[in-house]
Amino acid sequence: SRAGPRRGGSEARAKALSPSGRSATSILLQVVLSSVGHVARVTSRVVALRLMHRISLFSTDEVRLQRIVPAVTSLLRDAEATVRSHAIAVLTSVLSSVVTFPPSDAQVYPRYVFAKAGHLISDPALIVRVAFAGCIPALAEGSLRFLDVSHSVMLYETVGGRRPTDHAAAGEGEREPSSSDAAGAGGDAP
């Protein structure tokens with residue numbers, strides 16, 4: 001697959017940055033995110049989208065999901081068709097580069113991305129509809145990947161009888177499931 005090596009490469013680039021490099025990237029991203037909502041020219045918003053895309057190549061998955069994706073999705077409702085078409089392309093690329101994510105973000109596609117991008121199907125501008133149609137395969141593949149992880153987490157919780165977030169929040173370490181945990185998990189399976 002074309003996306004496999006690219007995803008691994010971007011994560012390797014993000015990890016290879018020194019702490020000062022990560023700080024500089026974070027500052028640059030914050031400048032772009034702060035500016036994008038206040039620029040008047042269409043070309044400036046398109047350049048901001050391109051910068052967000054380039055910065056995402058050197059960012060962690062957490063930064064991509066928590067900071068870049070919301071900023072890009074806000075531009076899906078821009079008044080200019082050119083900005084909307086670039087926004088869906090950048091959003092698709094950024095989401096495709098996400099390798100790891102917390103279980104809490106497993107529903108990001110159905111609850112957030114598709115909710116924000118759904119209106120592009122009937123966008124009045126042909127360029128936006130064409131861009132969206134071109135992104136559908138990658139969005140579907142990414143959504144399936146996130147769904148698989150979500151189901152894996154649910155299976156783990158069902159079989160293990162516990163939720164990983166409970167132990168992380170309580171500060172507990174790993175523990176062996178007791179016989180009562182195993183008996184309780186067997187009866188609660190969906």
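Helices (H or I, at least four residues) and strands (E, at least two) are DSSP runs, numbered from the N terminus. The axes of α3 and α4 come within 11 Å and cross at roughly 165°; axes are lines fitted to C-alpha atoms, for helices over the stretch in contact, and angles run from 0 to 180 degrees between N-to-C directions. That angle makes α3 roughly antiparallel to α4, a term for angles over 145 degrees. Contact (heavy atoms within 4.5 Å) is made here by L49, M52 and S56 of α3 and by R64, I68, A71 and V72 of α4. By class, these are 5 nonpolar, 1 polar and 1 charged residues, where Ala, Val, Leu, Ile, Met, Phe, Trp, Tyr, Cys and Pro count as nonpolar, Asp, Glu, Lys and Arg as charged, and the others, Gly among them, as polar.

A second pair is formed by α6 and α7, which pack at an angle of about 165° with their axes 11 Å apart. This makes α6 roughly antiparallel to α7, and α6 passes α7 in a right-handed crossing. The residues in contact are V108, Y109, V113, F114 and A117 of α6, together with F132, L139, G142, S143 and F146 of α7. By class, 8 are nonpolar, 2 are polar and none is charged.

The largest nonpolar core has 39 residues, and those with the most contacts inside it are L49, M52, V72, I88, L91, L95 and L139. Such a core is a set of buried Ala, Val, Leu, Ile, Met, Phe, Trp, Tyr and Cys residues joined through side-chain atoms within 4.5 Å; buried means under 20% relative accessible area (1.4 Å probe, protein chains only). Two or more residues come from each of α2 (19–36), α3 (42–56), α4 (61–74), α5 (81–96), α6 (108–117) and α7 (126–160), and α5 gives the most, with 8 residues. Leaving aside neighbours within four places in sequence, L95 is in contact with L65, V69, Y109, V113, L139 and R145.

The protein chain has 9 helices and 0 strands, and buried residues make up 38% of its 190 residues.

Residues are numbered from 1 along each chain as its sequence is written, and side-chain values use heavy atoms, with hydrogens and water left out. Because the model is predicted, local features need pLDDT of at least 70 and side-chain atom pairs count only at pLDDT 80 or more, while totals for chains, interfaces and linings use all residues.

Methods
Buried means under 20% relative accessible area, exposed over 50%, partly exposed in between (1.4 Å probe, protein chains only). Angles under 35 degrees count as roughly parallel, over 145 as roughly antiparallel, 65 to 115 as roughly perpendicular and the rest as oblique. A crossing is left-handed if the near helix is turned anticlockwise from the far one by less than a right angle, and right-handed if clockwise.
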